[in-house]
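Take a look at the structure below.

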Amino acid sequence: MRRASLTQFLIERQRAGRINADLRLLIETIARACKAISTRVNKGALGGGHGSASSENVQGEIQKNLDVMSNEILLEANEWGGNLAALVSEEMEDVKPTPTHYPRGEYLLLFDPLDGSSNIDVNISVGTIFSVLRCPPGVEPDEQVFLQPGRSQVAAGFAVYGPTTQLVITVGDGAYGFTLDRETFTFVLTQEGIKIPQDTAEFAINASNMRRWEPPVKRYIDECLAGKDGPRGKEFNMRWVASMVADVYRVLSRGGIFMYPRDSKNKDGRLRLMYEANPMAFIVEQAGGSATDGKTRILDIRPKKLHQRIAVVLGSKNEVDRVTSYHANSQ
Ligand code: AFP
C-alpha cells in the first residue's frame, strides 16, 4: 500500500476540519525549508556549512555558518506566504513581523533553525525545531503577543538531519513521523500515531554537570546507576547526543527520559522554552509521554521573555512522574 506524503496527510487533516489551508501551507513551507537545510547539512564542508561565522547570536553563542544559513532559509521561505503575522528565531534578538508589503496571516512561528550546532563539524545529527501559535486578530505582533503558554500551540514539529532526514509533527491529534525520500525529495509518512512506552530503562543527561545538580535529580540518576542492585531493581542504559532533536527522536522511537535540569550553573536550565521545550513537550504529550521542568508541566508555564531558558524533563510518563515526585518530596 502506497504511503501518504506529507501533503496528502495535511490535506486529509484540512478536509477533516482539524487545520485550515493557511496552517497546512505554513507546515508545508517549513517542511520545504527543512529539505533545503538537510541538503546543506549533508554537503558539510563542501557546502560551506562547516566552521563558525564571525558573529554571535542573541544567546551570545558563536554562530556556525550553518546556523546562519539555516536561519536565512527559514526567513526567506516564510516571508511572503501570507500565513504569518510574525516570527521569532533563536538566532535573532527581536520579533520579525511579516513585512508590510506582503500579506499578513493569523499565525506566529517560532523556530530554532539549527539545534545541536556544536555537533555539525563532527558529523553528528542536528535538526530544526518549530512551534506555531495564533496571533490575536487586529494587534501588531510584538513580544507580548508571543508570550503564550505552550498549551496554546496549534502545531509543532522538528526535523532531524541524520542518517535519514526525519520530520516529526503534531497538529494536536497525535504525533506523526515522515522520512525524506531522497529519490522523490518528498516527506513520506512512516510513523503513524507515535506512542512513547510509559516505562523505560534508558536515560539521557549530560553527566558532566553532576556536581551541579539539585538533590532530586542526583537521587534519580544515582538510582539509575545503581541498577539491579539498587532501589530500581533493574539495569539502566545512558545516551547523550547533545542534539535535543536526536535525543528526543530516540525517546519517541523507543522510550526513555531526556533531562536538562536546572543546576547551580544553569539556574533556569539551558534549553529555551519557546522554541525548544514547548514544541518538544507538545509532541511528547501527543505521543503519550510527559514533559515538565522537574516540577511543573511545561505546556502550562507562562513565558516571561522570548528567549527564556527552562529546565526540561521529558519522555516516558512513569519516569517523568518519578522525577516530579522526588522534587515534591524534597521541598
Ligand atoms: P547547541 O545548539 O549549542 O549545540 O546546543 C544544543 C542544545 O541546545 C540541545 O540541542 C542539547 O540537548 C543541549 O544543548 C546540549 O547541551 P550540552 O552541550 O551542555 O550537553
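The secondary structure of this chain comes to eight helices and 17 strands. Its radius of gyration is 19 Å, close to the 20 Å that the globule rule gives for 331 residues, so the chain is as compact as a globular protein of that length. Keep in mind that this is a predicted model.

Now the overall dimensions. Along its principal axes, the C-alpha trace spans about 65 × 50 × 45 Å. Of the 331 residues, 57% count as buried. Next, consider the contacts between residues at least 6 apart in sequence. Of these, 64% join residues at least 24 apart.

What about the surface? The chain exposes about 14000 Å². Carbon and sulfur atoms supply 49% of that area. As for charge, there are 40 positive and 40 negative side chains. The centres of these two sets lie 3 Å apart.

Now zoom in on helix α1, which covers residues 6–15. Which of its residues are buried? They are Leu6, Phe9, Leu10 and Arg13. These four cover an arc of only 90° around the axis, which means that they sit on the same side of α1.

What do the buried residues of α1 pack against? Their partners are helix α2 (21–43) and the strands β8 (165–170), β9 (175–181) and β10 (186–191). After α1 comes glycine 17, which has a positive phi, near 80°.

Terms used. Residues numbered from 1 in each chain as written. Predicted model: local features only at pLDDT ≥ 70, side-chain atom pairs only at ≥ 80, totals over all residues. Heavy atoms only, no water. Helix = DSSP H or I, 4+ residues; strand = E, 2+ residues; numbered from the N terminus. Rg over C-alpha atoms; globule rule 2.2 N^0.38 Å. Buried < 20%, exposed > 50% of the residue type's maximum accessible area, 1.4 Å probe, protein only. Contact = heavy atoms within 4.5 Å. Areas by Shrake-Rupley, 256 points an atom, 1.4 Å probe, with all protein chains shown as cover. Lys, Arg positive; Asp, Glu negative; His and termini not counted. Charge placed at Lys NZ, Arg CZ, Asp CG, Glu CD. Arc of directions from axis to C-beta.
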